[in-house]
Amino acid sequence: MSEQNSSERHGSDSDNEHLTGKDEQQPTEAELAEMSRDEKVRLGLAQDDVELVEYPDPWPVKGTRAERRAERAVAAWFSLAGFSALAFIGVFVFWPWRYVNPLADEQGHFLYSLYNPLIGFFLGLSILSVGIGAILYSKKFMPHEVAVQQRHDGHGSSELDRQTAAAELADAGSRSTIARRSMIKRTAGFGAGAFGLGTGVLVLGGMVKNPWAETGPDSLNHTGWMQSGDEKVYLRRNTGNAHEVSLVRAQDLTPGGFETVFPFRESERGNEEALLHALRRSDNPVMLIRLRPGDSPVERKGQEDFNYGDYYAYSKICTHLGCPTSLYETQTGRLLCPCHQSQFDVANSYAKPVFGPATRALPQLPITVDEEGYFVAKSDFIEPIGPAYWERNS
């Protein structure tokens, strides 16, 4: 046991002597300042116990046709990335994106149908070209060295470590020959810059629309429930047949019952496109709820006459992230959003959120009954639907 301990202490002493000797050989800061970059590289490798077995120059003979051909290939991929990104921006901003009825305008519908494929194609091509250009440059111009490094314990970085590491990085950049390849640098900057601009447009493109710039039922400030003249807007159920018009009467719902309804106008009867659009428009779904006897919700100020007796109508679009609040608990009188578990109290308040991430009450649709007993909307919502936009005032 004592011989083993003695041997371990001897080995430890030897290691300490080796480290001490290594420290004694370290140059001073003044000597470091006078060293060339190559000398610092060799010193840094020695400090890290790294031995360069092979460090070949990819192009030992400069200016050959093969080297210029490789450089042009890399530049071509970066250029393709830039032009693809610019094409993506052009399509995203200027290409016709609004739906066009193919029966009314076949060519316009064809152009509209190309919108999504084109923006996907050009953005994907830009990403692919940047990646191929970077990989091709690495394969053709970056030295592929073979190095062996001894494993050792880590330690804090000294001034020697910092300067030699910086020299190694600078040497790697120099040996990659990027400094003298202006065509690749320009095209890489063009490709990466245009790609970055394109991704920025993609992220911000949906937020640059001014919600107050347009008026009418298709604007961000209104829904399909918007009134047009004196025409009634009925509450219509979805029977599964887009062409069937099934209006809702007060006696259709039992206490505690509910139904999802959509807007309908007599001018739309027989219009296949309008009837289908009313069912598919994202801000149209409304939950028509008949409260149970004894439920007495606290009504919202300014909306005291939005209900019809014990019938209340609320937007089905959750104010958190726009999921459908499609679950209604009759016993508790709460509307539930299944996506993130937001709960809105209908029986005791004006669909105010009482649980989950939603922070804004569901917008209430003002309703009444016409002379024939059918439910109709008295007006559009007076506040934005769903998550809405940052300029909302409610």
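Predicted model: local features only at pLDDT ≥ 70, side-chain atom pairs only at ≥ 80, totals over all residues.

Colleague: Which residues of helix α9 are buried?

Modeller: An α-helix has 3.6 residues a turn, so residues three or four places apart point the same way. In α9, which spans residues 272–280, the buried residues are Ala274, Leu275, Ala278 and Leu279. Viewed down the axis of α9, they fall within an arc of 135°, so they line one face of the helix. Strands β3 (234–237) and β5 (258–264) are included in what covers them. At the start of α9, a side-chain oxygen of Asn271 comes to within 3.3 Å of the backbone nitrogen of Glu273.

Colleague: Which residues touch the most other members of the largest nonpolar core?

Modeller: In soluble globular proteins, nonpolar side chains tend to be buried together. Here the largest nonpolar core has 19 residues, and Trp225, Leu288, Leu365, Ile367 and Phe375 touch the most other members. At least two residues of this core come from each of β6 (286–290), β7 (311–315), β12 (367–369) and β13 (375–377). Another core, of 15 residues, lies apart from it, and Cys318, Cys323 and Ala351 are among its members.

Colleague: Is Gln343 buried or exposed?

Modeller: Gln343 has a relative accessible area of 16%, under the 20% cut-off, and is therefore buried. Gln343 lies in strand β10 (residues 343–345), and its side chain makes a polar contact of 2.7 Å with that of Arg334. Beyond four places in sequence, Gln343 also touches residues including Leu336, Lys352 and Phe355.

Note on methods
Residues numbered from 1 in each chain as written. Heavy atoms only, no water. Helix = DSSP H or I, 4+ residues; strand = E, 2+ residues; numbered from the N terminus. Buried < 20%, exposed > 50% of the residue type's maximum accessible area, 1.4 Å probe, protein only. Polar contact = N/O pair within 3.5 Å; in protein donor to acceptor, adjacent residues only side chain to side chain. Contact = heavy atoms within 4.5 Å. Core = buried A, V, L, I, M, F, W, Y, C linked by side-chain atoms within 4.5 Å. Arc of directions from axis to C-beta.
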